[in-house]
Amino acid sequence: MIHFNSETRAFNLLLDNSYYAFRVDGADRLVHIGWGPLHGAPALISGAVVEREYDVASFEQQLRRDELVAYGDTSYHEVALKVCFNQLPAIMLPSEDAHLPIRDVRLRYTGHEIVTDAQPGLAPAHGLPTLINTPRETLRVFLDDPAQPFRVTLCYRLTPEHDIIERWCELENHGMAAVDIEACAFATVHVPNGVSEMTSVTGTWAREFTLQRERLPHGLRILESRTLQTSHAANPFFFLNRPGQAWEESGTVYFGLLAYSGSWRIAVDHLPTLDVRVHGGYNPADFALRLHPGERHVTPAMVCGVSANGWGGASRRVHAFTRERISPRPPRDSAYRPVLYNSWEATYFDLSVAGQTELARKAASIGVELFCVDDGWFGARRNDFAGLGDWVVSPAVFPDGLGPLISEVKRLGMKFGLWVEPEMVNPDSDLYRAHPDWVLHFPGRPRSEARNQLILDYGRPEVAAYIYEALDKLLSEYAIDFIKWDMNRNATEPGSPAGKGVWRAHVEGVYGLMDRLRQKHPGVDIQSCSGGGGRIDLGILGRTDQVWTSDNTDALDRIRIQEGYSLAYPARCMEAWVTHAHNHQTGRDNALSTRFDVAMRGALGIGASLNQLDAAELAEYASYIAFYKRIRHVIQDGELYRLQRLEEFGASVIEYILPDGSEAVYSVAVRDSMVGLLRPAAQLCGLNPTATYTVIDRSDRELLRATGHELMALGIPGDINQGAGYSRTLHLKQQP
Ligand code: GLA
């Protein structure tokens, strides 16, 4: 509910378990009041109870909590918005021209409206439904500059059941001269003073989502990507709590995520006064946005929320929000993500019709539902030196096109998927030979290659149009159900006719291509991959169905990667493969049970070379896949509890549970253990205390029968003194 008190000019945004309040002050500035969990029944905060000294000393003028902190007025710290006006206000003398541009924007309240179905910038335009599509209330607050014809509209869209507010802003130039935006975050959020412990993730290729928790020093802490994708090194989300006062299921945790896949920045400003404010949006590095007269820019959203149930409560809110409101849910024969087979680690570039057909037959025999051909099927792509950009089936690999293989895959009852990397080109390709100017570059400078490839310039409309034609042709010609959309290098030398605007243009180009393709081919699902987990965020999740979490498929490494991923993103979208016993990335050998137990925590895939497995091993695979199919409705649509995390005990114990508590999946995986140290048993969560549950293993054997209370008090016996590599997955069912 959105409430405005016209006397005190206070706004209250009331969600199911939280509130967010701000007001218009005496100088018409929009000032934050507070944000946090609701204490019992919803109640309003009136502007009258708020007493805050803005300027306590001439050296500290930053205490006013503007809802959007903008450069101008008394702001000189980090800001969300910096604007340059190239024209003097009408009343000024031309002799003041020398002061142009005016680098000062003032935002004064002039009105507001409450609407439904307002959309942030770069919202999906594919037209596919989400699970829940009911309209949501959005508050739009108009802030006008008193001296310049410039308006900023702050938008707040409410999803009360998940305590989530999406925030974004719209910038409008109503004047006769261009306005230059030098910095533009989607939102500023203020958390209560002292909320200065931050959880975020860092990493590299094959080491994504490494959790970091830190006590923020005073000053700026920056999380960012300076590439054209989301990044392996950071991910656009933060959790904030009072130091030492939040844990997995307790304490107040504030969170925010950006729905954007390009060059982004989250700047957490911890002022010496203990104020903490977060600006999240476009990275100001190499940023420019010019608004010509009459132009408007709508930013993507920052998705924010607060949980009174610790980090776990924060994760569950974002997961549910993503499943219900962000992920596309076009009608499909199954409500769940299919079990996938991908031959990349089995064959790499060594593709052939016979080899793929043999793999497909084996995959079908063990229960795989989606067979995906990876890199190497097109142009001159026999290795990673050539062919990218030439999206035509290679007759050297598939003499009769993809048709025969696809028919066989379909005859076997599976869906067919194909790998593409539409933003890239190898210099050794027909596309590059025809259009050497179509890549990002600066004239007179070398074009640095990475993995032997250059980046197509999506700042040129003709490039995205060409790629659309090529992919559309492919999807029209063949019965393709799934594409794995890869992106395998970071950006350097980002020269483009779009200038600095290329950072945004690239993201817009990728989103636009995906949206157009999905609209035209609504039966096709998309996986987002960027050398593993380099493009995972709420923007890409609005147009893709699943993401490749990491190229590192070592089960023990994966426990940690998946745990970090799970802070922000739901299991339903998290692709996780079982690959060879001897892992290709780490050289470590892991038991099949560990590999399956860890991969079954997400959308299960198989990436092992099935030809190297004997009949007994294939039967084991089949038994795990059959088990996964019996429990995936709980994994993919249930709520996650991280019962024990790696950072505590070296083991990860998680539970997925249906919202009504009737079924749960319990999964334990030990990464490190020490002789003589006993972990506590992991107490389950969310069960119905008086109900009786059966605990069932993969072979459908009942291991235990206990009440919800017993399981929540004492856990499931048998796991506490197990060594590294130990794992198991159990299915809990409430008895009628
Ligand atoms: C990237 C992906 C892999 C695979 C290769 C193909 O590294 O992350 O899964 O598709 O490209 O070249």
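Predicted model: local features only at pLDDT ≥ 70, side-chain atom pairs only at ≥ 80, totals over all residues.
Colleague: How many aromatic pairs does the structure hold?

Modeller: The structure holds 33 aromatic pairs. Rings of Phe, Tyr and Trp (its six-membered ring) pair if their centres lie within 6.5 Å; planes under 30 degrees apart are stacked, over 60 edge-to-face, and the rest tilted. One of the pairs is Phe-11 with Tyr-109, which is edge-to-face at 6.2 Å centre to centre with 70° between the planes.

Colleague: Where do Phe-11 and Tyr-109 lie in the chain?

Modeller: Phe-11 is in strand E2 (residues 10-14) and Tyr-109 in strand E6 (residues 108-116), 98 residues apart. Strands (E, at least two residues) and helices (H or I, at least four) are DSSP runs numbered from the N terminus.

Colleague: Is Phe-11 buried or exposed?

Modeller: Phe-11 counts as buried because its relative accessibility is 0%. Buried means under 20% relative accessible area, exposed over 50%, and partly exposed in between (1.4 Å probe, protein chains only). Tyr-109, at 13%, also counts as buried.

Colleague: Which residues form one aromatic cluster?

Modeller: Phe-11 and Tyr-109 belong to one, together with Phe-4, Tyr-20, Phe-22, Trp-35, Tyr-156 and Tyr-254.

Colleague: Changing topic, where is His-162 found?

Modeller: His-162 is in the loop between strand E8 (150-159) and strand E9 (164-173). With a relative accessible area of 9%, His-162 is buried.

Colleague: What does the side chain of His-162 join to by a polar contact?

Modeller: The partner is the side chain of Glu-324, at 2.8 Å. A polar contact is a pair of N or O atoms within 3.5 Å; within protein, one must be able to donate a hydrogen and the other to accept it, and residues adjacent in sequence count only if both atoms are side-chain atoms. Beyond its neighbours within four places in sequence, His-162 is in contact (heavy atoms within 4.5 Å) with Arg-317, Ala-320, Phe-321 and Glu-324.

Colleague: And what covers the buried residues of H6?

Modeller: The cover includes strand E23 (415-420), strand E26 (482-485) and helix H7 (502-520). Among the buried residues of H6 are Val-463, Ile-467, Tyr-468 and Asp-472.

Terms used. Residues numbered from 1 in each chain as written. Heavy atoms only, no water.
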